[in-house]
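Keep the 3D view open as you read.

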Amino acid sequence: MEYSFLTQVMLPLVLAMIMFGMGLSLTKEDFLRLWKIPRTVIIGLFGQLIFMPIIAFAVAVFFELSAPLAIGLMILAACPGGTMSNVISHLARANLALSVTLTAITTVVCVFSTPFIIKFSIAHFGTDTDTNFSLASTTIGLIFITLIPVLAGIWVRQKYPNAAMRREPGFRKFSGLFILAMIVAILIQERDILMSSFSQMFGASISLNLASIAAGLALAKLFRLTQRDSITLGIEVGIQNASMAILIAVTFLEAPDYATAAGVYGLTMYLGAAILVLMARRIKD
């Protein structure tokens, strides 16, 4: 495929740097919080790891998405929230500690759960012409590009806390700029399929975003969580790591048309998040 250096070298390298930056923001406490507030964390994990893929599947079927768009949407839904969910939780004055904990744990779990969801999606939505998918190689790739850099960042934070806290904001800003640049690049590269299915994909993305945020809020209300925790769950379930989804599509699967769904969602997911932030700040002001 075109731009092999970008997709095979630069994209994995930069995503690994982003994940290292995420590790710089994490401490052991973020993982131990699972044992301190297990009920809240488990509810959040259920929404992120189970509800989100189910909603994405329903949206793909309802909108009758083509195989590349449906598979791409499922890849996106299988990814963790990423650092942007933490930034949005901070803006919404939500439970930032819970947000960071859910991001940390889902980042680890998704390394192993995401390949299975991708395998199911390709088997269900795919055609005979779809790319071959290797469960083992995708898992190993995610371990090296996401899990190991995160663990390295955590180690640096533990060993050199002051330096880590100084550098982490820079990694976060770089993360946001890179995600935006990659989304724009993918949308330009795949402009033909985007133009032919924009209205369908835009509607599917907005529907997935609003439905997933609503699912997070509904779960929190069902289990009578606090308002701050409810907002946090809405954000965590609705915000996905679009850059990871793009990496999986264009680098591991070598199918850039799968990345179109992640590119569109990466732009539209902030609509529901913005509404949630405004509502949360108005309630608290």
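Start with Cys-79. Its relative accessibility is 0%, so Cys-79 counts as buried. The model is a predicted one. Cys-79 takes part in no disulfide. The nearest cysteine sulfur belongs to Cys-110, and it lies 6.9 Å away. Cys-110 is in no disulfide either, with the sulfur of Cys-79 as its nearest. Cys-110 has a relative accessible area of 2%, so it is buried. The disulfide count comes to zero.

Now turn to the core. In soluble globular proteins, nonpolar side chains tend to be buried together. Here the largest nonpolar core holds 71 residues. Leu-73, Ile-75, Leu-208, Ile-248 and Leu-253 touch the most other members. Helix H12, residues 259-284, gives the largest share of this core, ten residues. Look at Ile-75 up close. Leaving aside residues up to four places away in sequence, Ile-75 touches Ile-118, Ala-245, Ile-248, Leu-253 and Tyr-258. There is also a second, separate core of eleven residues. Among them are Leu-98, Leu-219, Ala-220 and Leu-225.

Last, the surface. Which residues form a nonpolar patch there? They are Val-9, Met-10, Leu-13, Met-17 and Phe-174. Together they have about 390 Å² of accessible area. Helix H1, residues 4-24, supplies the largest share of the patch, four residues. Phe-174 lies in helix H8, residues 161-189. Its relative accessibility is 33%, so Phe-174 counts as partly exposed.

Note on methods:
Residues numbered from 1 in each chain as written. Predicted model: local features only at pLDDT ≥ 70, side-chain atom pairs only at ≥ 80, totals over all residues. Heavy atoms only, no water. Patch = residues over 30% accessible without salt bridge, like charges linked within 9 Å, V, L, I, M, F, W, Y side chains within 5 Å. Areas by Shrake-Rupley, 256 points an atom, 1.4 Å probe, with all protein chains shown as cover. Salt bridge = Lys/Arg side-chain N within 4 Å of Asp/Glu carboxyl O. Helix = DSSP H or I, 4+ residues; strand = E, 2+ residues; numbered from the N terminus. Buried < 20%, exposed > 50% of the residue type's maximum accessible area, 1.4 Å probe, protein only. Disulfide = S-S within 2.5 Å. Core = buried A, V, L, I, M, F, W, Y, C linked by side-chain atoms within 4.5 Å. Contact = heavy atoms within 4.5 Å.
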